[in-house]
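Here is a friendly briefing to read alongside the model. Please have the sequence and the 3D view open as you go through the points.

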Amino acid sequence: MAIDDRMGKIELFETIVGQKPYRGFIGEVPNFEIRPESVDKTYLTIKKMQRCYHQQPNYPTAEYYATAFSKVEDAYLSSNLPAFQEAVEDLL
């Protein structure tokens with residue numbers, strides 16, 4: 001992963017869930033499981049999306065995602081897989 005890689009929300013969804021959003025709507029998240037061996041990859045993928053909003057803290061979309069990014073970060077750093085799964089689902 002390059003230091004300047006970025007990822008949009010649809011690409012993030014497809015990478016994590018493994019399928020395209022239903023009818024193009026990202027809010028409809030199918031059941032999926034993050035396996036322990038893919039937690040790091042999932043986390044780094046989310047960080048690629050977060051880069052899109054890092055320099056725009058007052059941008060409404062950045063504010064919208066800030067809470068979700070924070071929950072993902074907290075769950076990842078605490079090694080709490082169920083909380084991580086829930087935080088990623090909330091982000092998607």
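P30 counts as partly exposed, because its relative accessibility is 25% and the partly exposed class lies between under 20% for buried and over 50% for exposed. Please keep in mind that this is a predicted model.

- Leaving aside residues up to four places away in sequence, P30 touches F13, V17 and Q19.
- P30 and E89 are 59 residues apart along the chain, and their C-alpha atoms are separated by 9.3 Å.

**The overall layout**

- The protein chain has 4 helices and 0 strands, giving the pattern α-α-α-α when read along the sequence.
- Of its 92 residues, 32% count as buried.
- Among contacts in the protein chain with a separation of 6 or more, 59% come from residues 24 or more positions apart.

**The largest nonpolar core**

- In soluble globular proteins, nonpolar side chains tend to be buried together.
- Here the largest nonpolar core holds 23 residues, and the members that touch the most others are L12, I46, F84, V88 and L92.
- Two or more residues of this core are supplied by each of α1 (9-17), α2 (39-50), α3 (60-77) and α4 (81-91).
- The largest share, 6 residues, belongs to α3.
- Which residues does I46 touch, not counting residues up to four places away in sequence? They are L12, I16, F69, V72, V88 and L91.

**α1 against α2**

- These two helices, α1 and α2, pack at an angle of about 175°, and their axes are 10 Å apart.
- Because an angle over 145 degrees counts as roughly antiparallel, α1 is roughly antiparallel to α2.
- On the α1 side the contact is made by K9, L12, T15 and I16, and on the α2 side by T42, T45, I46 and M49.
- Sorted by class, this contact of α1 with α2 has 4 nonpolar, 3 polar and 1 charged residues.

**α2 against α3**

- The packing angle of α2 and α3 is about 155°, with the axes 11 Å apart.
- That angle makes α2 roughly antiparallel to α3.
- The crossing in which α2 passes α3 is left-handed.
- From α2, the residues V39, D40, Y43, I46, K47, M49 and Q50 meet Y65, F69, V72, E73 and Y76 of α3.
- By class, the contact of α2 with α3 has 8 nonpolar, 1 polar and 3 charged residues.

**α2 against α4**

- Helices α2 and α4 pack at an angle of about 35°, with their axes 12 Å apart.
- The crossing of α2 and α4 is left-handed.
- V39, T42, Y43 and I46 of α2 make this contact with L81, F84, V88 and L91 of α4.
- The residues of the contact of α2 with α4 divide into 7 nonpolar, 1 polar and no charged.

**Two residues of α2 to look at**

- With residues up to four places away in sequence left out, T42 touches I16, I34, F84 and V88.
- K48 also lies in helix α2. K48 is buried too, with a relative accessible area of 18%, since buried means under 20%.
- K48 and M7 are 41 residues apart in sequence, and their C-alpha atoms are 5.2 Å apart in space.

**The loop between α3 and α4**

- S79 lies in the loop between α3 and α4.
- Most residues other than glycine have a negative phi.
- The phi of S79, however, is near 60°, a positive value in a residue other than glycine.
- Why does S79 count as exposed? Its relative accessible area is 66%, and exposed means over 50%.

Key
Residues numbered from 1 in each chain as written. Predicted model: local features only at pLDDT ≥ 70, side-chain atom pairs only at ≥ 80, totals over all residues. Heavy atoms only, no water. Core = buried A, V, L, I, M, F, W, Y, C linked by side-chain atoms within 4.5 Å. Buried < 20%, exposed > 50% of the residue type's maximum accessible area, 1.4 Å probe, protein only. Contact = heavy atoms within 4.5 Å. Axes fitted to C-alpha atoms, helices over the stretch in contact; angles between N-to-C directions. Parallel < 35°, antiparallel > 145°, perpendicular 65-115°, else oblique. Nonpolar A, V, L, I, M, F, W, Y, C, P; charged D, E, K, R; others polar. Left-handed = near helix turned anticlockwise from the far one by under 90°.
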